[in-house]
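Take a look at the structure below.

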Amino acid sequence: MFEKLVEIICNYVEVEPKDVHPESRFMEDLGFTSFDFMSMLGELEDAFDVEIDQQEVSDIRTVQEAVEYLNRLSAE
């Protein structure tokens, strides 16, 4: 899950995969804009075959939080 998420993240911002860590924050550390983040969510829904709740995802700040959220959705 983490590796696939890193691959998708690198499609949206200019960052090397080796520089993306579980504790990396999307906005502050990886340089995401709100638009980048929302665009990425659509791709995550397709890639992981889940439906992301916009309200719940607004609390996600780090890559690890995103992995945990996606794992929870995948388990449902």
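In this predicted model, the side chains of E7 and K4 meet in a salt bridge, with N to O at 3.6 Å. Both residues lie in helix α1. They are three residues apart, which is about one turn of the helix. E7 is partly exposed, at 47% relative accessibility. K4 is partly exposed too, with a relative accessible area of 34%.

Why can such side chains pair? Side chains of opposite charge can do so when their charged atoms come close.

How many salt bridges does the structure hold? It holds three. The table lists them.

| Salt bridge | N to O distance |
|---|---|
| E7 and K4 | 3.6 Å |
| K18 and D19 | 3.4 Å |
| R25 and D29 | 3.0 Å |

Now take the partners in turn. K18 pairs with D19. K18 counts as exposed, because its relative accessibility of 62% is over the 50% cut-off. D19 has 35% relative accessibility, so D19 counts as partly exposed. R25 pairs with D29, and their closest N and O atoms are 3.0 Å apart. R25 is partly exposed, with a relative accessible area of 36%. D29 is also partly exposed, with a relative accessible area of 41%.

**A patch of negative charge**

Which residues form the negative surface patch? They are E51, D53, E56, D59, E65, E68 and E76. One of them, E56, is found in helix α3, which covers residues 54–57. Is E56 exposed, partly exposed or buried? At 41% relative accessibility, E56 counts as partly exposed.

**A residue in a loop**

Where is V13 found? V13 sits in the loop between α1 (2–12) and α2 (34–48). Is V13 buried or exposed? V13 is buried, because its relative accessible area of 7% is under the 20% cut-off.

What does V13 touch, leaving out residues up to four places away in sequence? V13 touches L30, G31, F32 and D36. V13 and F37 are 24 residues apart along the chain. Their C-alpha atoms are separated by 9.7 Å.

**Recap**

The structure holds three salt bridges. One of them joins E7 and K4 within helix α1. A negative surface patch includes E56. V13, in the loop between α1 and α2, is buried.

Technical notes: Residues are numbered from 1 along each chain as its sequence is written. This is a predicted model: local features need pLDDT of at least 70, side-chain atom pairs count only at pLDDT 80 or more; totals for chains, interfaces and linings use all residues. Side-chain values use heavy atoms; hydrogens and water are left out. Helices (H or I, at least four residues) and strands (E, at least two) are DSSP runs, numbered from the N terminus. Buried means under 20% relative accessible area, exposed over 50%, partly exposed in between (1.4 Å probe, protein chains only). Contact means heavy atoms within 4.5 Å. Patches are made of residues with over 30% relative accessible area and no salt bridge: like charges are joined within 9 Å, nonpolar side chains (Val, Leu, Ile, Met, Phe, Trp, Tyr) within 5 Å. Accessible areas come from the Shrake-Rupley method with a 1.4 Å probe; for residues, only the protein chains shown count as cover. A salt bridge is a side-chain nitrogen of Lys or Arg within 4 Å of a carboxyl oxygen of Asp or Glu. Lys and Arg count as positive and Asp and Glu as negative; His and the chain ends are not counted. The place of a charge is taken as NZ of Lys, CZ of Arg, CG of Asp or CD of Glu.
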